[in-house]
Amino acid sequence: MFLQRIGNKGIRLGTLFDRAAARHPGNMVVLDHDLDVAPELGRRLALPEVAELVAELASRLWAAGVRTGERIVVHKTDGFDISLTACAGVLDGVIEQFRKARVARV
């Protein structure tokens with residue numbers, strides 16, 4: 001049943017946080033560290049703030065010259081901003097590849 005619903009409607013990753021904010025505007029996202037892409041937002045964000053951030057990231061990608069159908073690589077350490085960047089890229093129609101940055105231990 002669940003897979004049938006996904007197959008019929010799709011997940012629509014690009015609008016995930018917009019839809020969540022519309023349904024549950026008072027819900028909070030609590031992070032264990034500040035976002036690298038927006039450290040000024042802190043560690044507690046309301047869903048509408050997250051949706052705005054995704055739109056801002058999509059605008060940054062567009063301003064950087066990334067266009068629909070192009071491929072980009074996101075290379076960074078683990079963090080929730082990887083998921084936010086994925087949602088933003090989908091809004092712009094970008095094909096993304098994610099690579100986990102490795103930290104050398106000495």
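Me: What does the secondary structure of the protein chain come to?
Reply: This is a predicted model, and in it the chain has four helices and four strands.

Me: And which pattern does the chain follow along the sequence?
Reply: Reading along the sequence, you get α-α-β-β-α-β-α-β.

Me: How much of the chain is made up of buried residues?
Reply: Buried residues account for 30% of the 106 residues.

Me: Ok, contacts. Of those between residues at least 6 apart in sequence, what share joins residues at least 24 apart?
Reply: That share is 59%.

Me: On to the core. How many residues are in the largest nonpolar core, and which have the most contacts inside it?
Reply: The largest nonpolar core has 22 residues, and Phe-17 and Leu-84 have the most contacts inside it.

Me: Which elements give two or more residues to this core?
Reply: Those are α2, α3, β3 (71–76) and α4 (80–91). The largest share comes from α3, with eight residues.

Me: What is Phe-17 in contact with, leaving aside its neighbours within four places in sequence?
Reply: With those neighbours set aside, Phe-17 is in contact with Leu-47, Val-50, Ala-51, Val-54, Phe-80, Leu-84 and Cys-87.

Me: Let's do helix packing. At what angle do the axes of α2 and α3 cross?
Reply: Helix α2 (residues 16–23) and helix α3 (residues 47–63) have axes that cross at roughly 155° and come within 8 Å. The angle is over 145, so α2 counts as roughly antiparallel to α3.

Me: Left-handed or right-handed crossing?
Reply: Left-handed, as α2 passes α3.

Me: Which residues make the contact?
Reply: From α2 it's Phe-17, Asp-18, Ala-20 and Ala-21, and from α3 it's Leu-47, Pro-48, Val-50, Ala-51 and Val-54. By class, the contact of α2 with α3 has eight nonpolar residues, no polar ones and one charged.

Me: Now α3 and α4. What's the angle there?
Reply: About 60°, with the axes of α3 and α4 8 Å apart. That makes α3 oblique to α4.

Me: And is that crossing left-handed or right-handed?
Reply: The crossing of α3 and α4 is right-handed.

Me: Which residues meet there?
Reply: On the α3 side you have Val-50, Leu-53, Val-54, Leu-57, Ala-58 and Leu-61. They meet Leu-84, Thr-85, Cys-87, Ala-88, Gly-89 and Leu-91 in α4.

Me: How does the contact of α3 with α4 divide into nonpolar, polar and charged?
Reply: It has 10 nonpolar residues, two polar and no charged.

Me: Switching topic: where does Asp-36 lie?
Reply: Asp-36 is in the loop between β1 (28–30) and β2 (44–46).

Me: Where is Asp-81 found?
Reply: Asp-81 is in helix α4.

Me: Buried or exposed?
Reply: Buried: Asp-81 has a relative accessible area of 0%, and the cut-off for buried is under 20%.

Me: Which residues is Asp-81 in contact with, again leaving aside neighbours within four places in sequence?
Reply: Asp-81 is in contact with Leu-35, Asp-36, Val-37 and Lys-76. Lys-76 is also among the contacts of Asp-36.

Technical notes: Residues are numbered from 1 along each chain as its sequence is written. This is a predicted model: local features need pLDDT of at least 70, side-chain atom pairs count only at pLDDT 80 or more; totals for chains, interfaces and linings use all residues. Side-chain values use heavy atoms; hydrogens and water are left out. Axes are lines fitted to C-alpha atoms, for helices over the stretch in contact, and angles run from 0 to 180 degrees between N-to-C directions. Angles under 35 degrees count as roughly parallel, over 145 as roughly antiparallel, 65 to 115 as roughly perpendicular and the rest as oblique. A crossing is left-handed if the near helix is turned anticlockwise from the far one by less than a right angle, and right-handed if clockwise. Contact means heavy atoms within 4.5 Å. Ala, Val, Leu, Ile, Met, Phe, Trp, Tyr, Cys and Pro count as nonpolar, Asp, Glu, Lys and Arg as charged, and the others, Gly among them, as polar. A nonpolar core is a set of buried Ala, Val, Leu, Ile, Met, Phe, Trp, Tyr and Cys residues joined through side-chain atoms within 4.5 Å. Buried means under 20% relative accessible area, exposed over 50%, partly exposed in between (1.4 Å probe, protein chains only).
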